[in-house]
There are 2 protein chains.
Amino acid sequence: MYKEKYPSKLLEDAVDAINSLPGVGRKSALRLALHLLRQPQENVHHFTASIDKLRDHVRYCRTCRMISDEDVCSICSDNSRDKGTICVVEDVRDVMSIEATGQYHGVYHVLGGIISPINGIGPSDITVNDLVNRLRDAEEGTEVIFALSGDVEGETTAFYIYRQISGLGVKVTSLARGLGFGDDIEYADSLTLGRSIANRQPFRP
Amino acid sequence: MYKEKYPSKLLEDAVDAINSLPGVGRKSALRLALHLLRQPQENVHHFTASIDKLRDHVRYCRTCRMISDEDVCSICSDNSRDKGTICVVEDVRDVMSIEATGQYHGVYHVLGGIISPINGIGPSDITVNDLVNRLRDAEEGTEVIFALSGDVEGETTAFYIYRQISGLGVKVTSLARGLGFGDDIEYADSLTLGRSIANRQPFRP
């Protein structure tokens with residue numbers, strides 16, 4: 001890779017660090033470094049301290065492995081939530097998206113990643129074992145909902161987990177996939193449209 | 001602005017901090033915070049330390065105000081550079097771009113910003129006074145080249161500086177503007193094309 005000549009080693013080190021973030025190129029990294037240089041020193045210290053604090057003091061919910069400031073997260077400790085329905089997601093962003101719908105009243109299990117041999121992430125890098133242990137004590141009629149991405153990695157992960165938990169007597173479901181609400185048929189991709197036909201549902205007027 | 005519900009205050013603080021960077025939205029900030037959480041602790045500390053170090057120990061060249069690890073930057077201390085030609089730029093990125101051309105052998109003056117009333121940046125926030133003081137001692141025949149952006153702020157800044165230095169007996173020039181080399185006339189914007197006609201140059205075959 002072509003590397004620019006920086007007038008200062010301090011600047012170059014900071015650009016290298018910012019450039020290591022995913023999706024941030026070297027030009028953007030330099031722009032961000034110069035932005036931080038123009039900020040008051042205490043603002044920059046606050047910026048870096050809040051990142052260090054997150055990394056140093058992060059905790060995960062004992063039950064569902066979601067990032068939490070407490071030993072048990074606010075969802076798992078909420079008695080109005082249905083503990084017999086466990087939605088399996090990749091990370092906390094998925095929890096936030098599902099919570100934002102206001103349509104889900106069960107609890108979660110956060111894998112903290114997705115099985116991806118290309119990225120060197122295997123089953124032991126995600127919280128599958130915690131899920132298996134959690135389901136061993138599960139009550140009769142517990143349902144596990146896979147809410148994983150629809151790509152190869154998501155499907156591989158779902159299949160792996162399914163094999164681990166299929167002997168535990170839980171019901172396993174997966175998010176409905178099909179045309180989005182309001183989607184035009186003529187603009188749908190043919191894979192989605194084909195599966196929507198195959199998985200057609202009873203008409204409920 | 002709609003603010004998401006975060007499962008952890010630590011996470012929310014880090015997202016707020018990353019979101020304060022220009023061009024980084026809340027979704028990207030959350031993605032970056034979760035990326036940093038997955039990195040080894042020492043990598044995150046290295047990341048934040050290199051930013052703190054830049055902000056805490058940054059130095060500027062005594063002569064040209066460019067970011068530098070020394071009291072005088074490598075360009076100003078290079079005896080092969082023509083000290084009688086001073087290129088005035090907004091920030092260090094412009095120096096790097098011009099240096100990358102390999103076509104410039106003079107020195108620089110880095111303003112560290114551009115006059116912009118909308119952003120609350122006035123003449124005292126940039127290094128105009130340093131430039132004026134530098135030019136007071138200038139030798140006969142010194143040339144100042146304005147290499148500022150072609151927008152209103154760039155032109156305002158150039159005009160302001162011109163008024164400050166016009167009594168000092170230096171030659172003042174500005175970067176050539178016109179069609180880019182290789183540009184098609186039919187695709188040129190009409191402002192650029194119009195100015196290219198007005199500023200036409202002798203044909204040198």
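The area buried between chain B and chain A is about 4,800 Å², and carbon and sulfur atoms give 70% of it; buried area here is the accessible area (1.4 Å probe) that two parts lose on being put together, summed over both. In chain B, Leu10(B), Leu37(B) and Arg55(B) lose the most area to chain A, together 14% of what that side buries. This is a predicted model, in which local features need pLDDT of at least 70 and side-chain atom pairs count only at pLDDT 80 or more, while totals for chains, interfaces and linings use all residues. Residues are numbered from 1 along each chain as its sequence is written, chains are lettered from A in the order in which they are written, and side-chain values use heavy atoms, with hydrogens and water left out.

The contact, meaning heavy atoms within 4.5 Å, takes 52 residues from chain B and 52 residues from chain A. Because 100% of the interface residues of chain B are also interface residues in chain A, the copies meet through the same surface.

Between the two chains the count of salt bridges (a side-chain nitrogen of Lys or Arg within 4 Å of a carboxyl oxygen of Asp or Glu) is zero.

The chains can also be compared by superposition, done by least squares on the C-alpha atoms of residues with pLDDT of at least 70 in both. A rotation of 180° with 0.0 Å of shift along its axis places chain B on chain A with an RMSD of 0.1 Å, and the two copies are thus related as by a two-fold rotation axis. Of the residues of chain B, Thr48(B) comes closest to that axis, its C-alpha lying at 2.6 Å.
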